[in-house]
Amino acid sequence: MEGKQKTGRGIEAKKEEDFPTWYQQVITQSEMIEYYDVSGCYILRPWSYFIWEQIKDFFDKEIKKLGVDNAYFPLFVSKRALTTEKDHIEGFAPEVAWVTRSGESDLAEPIAIRPTSETIMYPAYAKWIRGHRDLPLRLNQWCNVVRWEFKNPTPFLRTREFLWQEGHTAFATKQEADTEVLQILELYRRVYEEILAVPVIKGKKSENEKFAGGLYTTTVEAFIPTTGRGIQGATSHCLGQNFSKMFGIEFEDDKEQKQFAWQNSWGLTTRSIGVMIMLHSDNKGLVLPPRVAPTQVVIVPIILSSQAEEEKKQQIAKAEEIRDKLKALGFRVHLDDRLGYSPGWKYNHWELKGVPVRIELGPKDMKNKTITIARRDTGTKEVIPWDDAEKNTTSVMDAIHNNLFQRAKEVRDGHLVDVNEWAAFITALDNKKIPRTPWCGKISCEEHVKKESKEAKASDSTQAPVGAKTLCLPFDAATVAPGTKCFACNDEATTRALWGRTY
């Protein structure tokens, strides 16, 4: 084990047998994460930070098309501002980190490190918004936040500091706010499905699970079949007028009447990287969708000691030529011509790091004017002519993305089960399924379900045993027929809900 970790030659734990150890080995040996001496905080190495940059570049471009501008607000928030909205702070209170000292002196008033920025940004919004011509105000910031988690910190998924974007917008009407909520949610779906090849379900959060202080919350939900746990992908909230009333964000409409603004907030975090890793990766290591892979193609020349020096030079020259042609098409390509490492060692190294495509070029390929293309997602190999390298690489990238997505979607869909009564619900959860049920929608019922469905032992030992809660009320769910009963309390069902034990 020690030797393999040092040389990066393999993952010893099996995904299906010891998921937590497998995950830890994948993220460290693939050079995604380095552990840090403050518990719950981690170093994002270039291999993972590049993925965040791809997500950032896509999403930033799309929100700017909608008219959203980027800004930056301070890291610190006063206690007075943080506690302005009672329900909001109660939702975050256990996780708020406070600065109480400066050098050897106690601060006159503790200052919080932002767990989210509503209470930092909205006093400024109250100054900037005066009349209807000041609306809409649509700002986003890319930043870090701190939530002092004590519940089983897990790299990417549950960390004390993480990176995210948070959008905060204000409108004159609820209709405008409602429209934006769904526009942003669709962009989150696209991040997961079109960039990370992760299938998600769009829906609305229950009253119990919505953003504290908000009017309603929409979400994209993912699923990790190996552990049977759901995971919230990203959320887009309509805050209604609650915060604008608290912070005095009001404007004079075109009839010279005072009105409170309608507000939204929405966020996506580096948790998305963890979801991608858990879903796609295998017992050889990381598996990266091509659109976020730091290196999309690695070229490995197979040089034999028996070859003449001139042959070796010609082989390296051909490898460089292929690299340059692929780079000219915009692919991220690396030529691994290191000495002292066998081709097999290099194959294992780049498989561990999840590079989507490997091109092998050996002495026989030089004679036949061919290359061998190996796919990381399927492990299949294909011999093609040199001249087809550019065309083949272009098509195989889309094929890999589509295969990863479809494979994950088929597995996810195979875990969706309709249940109408309690015993079947518990059986489904224990079999790592996603129950879809008729439900009354009551907070008291959801709390009861969470308590009564708590697992005896967590399927992922990095997480505490938990009970099931609603993942979302799916937008595409079938309507509930009159007279249908709630699966849990037998009251009248008003909606259909997806449930799961979650990260």
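Helices here are DSSP runs of H or I with at least four residues, strands are E runs with at least two, and both are numbered from the N terminus. This is a predicted model, in which local features need pLDDT of at least 70 and side-chain atom pairs count only at pLDDT 80 or more, while totals for chains, interfaces and linings use all residues. Residues are numbered from 1 along each chain as its sequence is written, and side-chain values use heavy atoms, with hydrogens and water left out.

**View 1. A cis peptide bond sits between Leu-135 and Pro-136.** Omega for this bond is about -5°. Look for Pro-136 in the loop that links α6 (118–128) to β7 (137–146).

**View 2. Phe-156 has a positive phi without being a glycine.** Its phi is near 75°. Phe-156 belongs to the loop between β7 and β8 (161–171).

**View 3. Helix α3 (residues 46–65) packs against helix α7 (residues 174–195).** Two packed helices are described by the angle between their axes and the distance between the axes. For α3 and α7 that's an angle of about 150° and axes 11 Å apart (axes are lines fitted to C-alpha atoms over the helix stretch in contact, with angles from 0 to 180 degrees between N-to-C directions). So α3 runs roughly antiparallel to α7 (angles over 145 degrees count as roughly antiparallel, under 35 as roughly parallel, 65 to 115 as roughly perpendicular and the rest as oblique). On the α3 side, Ile-55, Phe-58, Phe-59, Glu-62 and Ile-63 touch Ile-184, Leu-187, Tyr-188, Arg-190, Val-191 and Ile-195 of α7 (contact means heavy atoms within 4.5 Å). This contact counts nine nonpolar, no polar and two charged residues (Ala, Val, Leu, Ile, Met, Phe, Trp, Tyr, Cys and Pro are nonpolar, Asp, Glu, Lys and Arg are charged, and the others, Gly among them, are polar).

**View 4. α3 also packs against helix α9 (residues 271–280).** Here the angle is about 115° and the axes lie 10 Å apart. That makes the two helices roughly perpendicular. This crossing is right-handed too. Ser-48, Ile-51, Trp-52 and Ile-55 from α3 meet Ser-272, Ile-273 and Met-276 from α9. Sorted by class, that's five nonpolar, two polar and no charged residues. Ile-55 takes part in the α7 contact as well as this one.

**View 5. Helix α10 (residues 309–328) packs on helix α13 (residues 389–415).** The axes are 10 Å apart at an angle of about 50°, and therefore α10 and α13 are oblique to each other. α10 passes α13 in a right-handed crossing. Ile-322, Lys-325 and Leu-326 come from α10, and they meet Ala-389, Glu-390 and Thr-393 in α13.

**View 6. The largest cavity has a volume of about 40 Å³.** A cavity is a set of points on a 1 Å grid over the protein atoms alone where a 1.4 Å probe fits but cannot get out, a pocket is an open set with protein on both sides within 12 Å along at least five of seven lines, and lining residues have an atom within 4 Å of a point. Points are joined across faces, edges and corners, and a volume is the space filled by probe spheres set on them. The count comes to one cavity of 30 Å³ or more. Its lining is Pro-199, Ile-201, Glu-221, Ala-222, Phe-223, Arg-412, Ile-434, Leu-471 and Leu-498. Strand β10 (residues 216–224) gives the largest share, three residues. The lining holds seven nonpolar, no polar and two charged residues.

**View 7. The second largest pocket has a volume of about 290 Å³.** It's lined by 16 residues, with Ile-201, Arg-436, Pro-474, Asp-476 and Ala-477 closest to its centre. β9 (201–204), α13, β20 (416–418) and β23 (495–502) each give two or more residues to the lining. By class, the lining has eight nonpolar, no polar and eight charged residues. Ile-201 lines both this pocket and the largest cavity.

Methods:
A crossing is left-handed if the near helix is turned anticlockwise from the far one by less than a right angle, and right-handed if clockwise.
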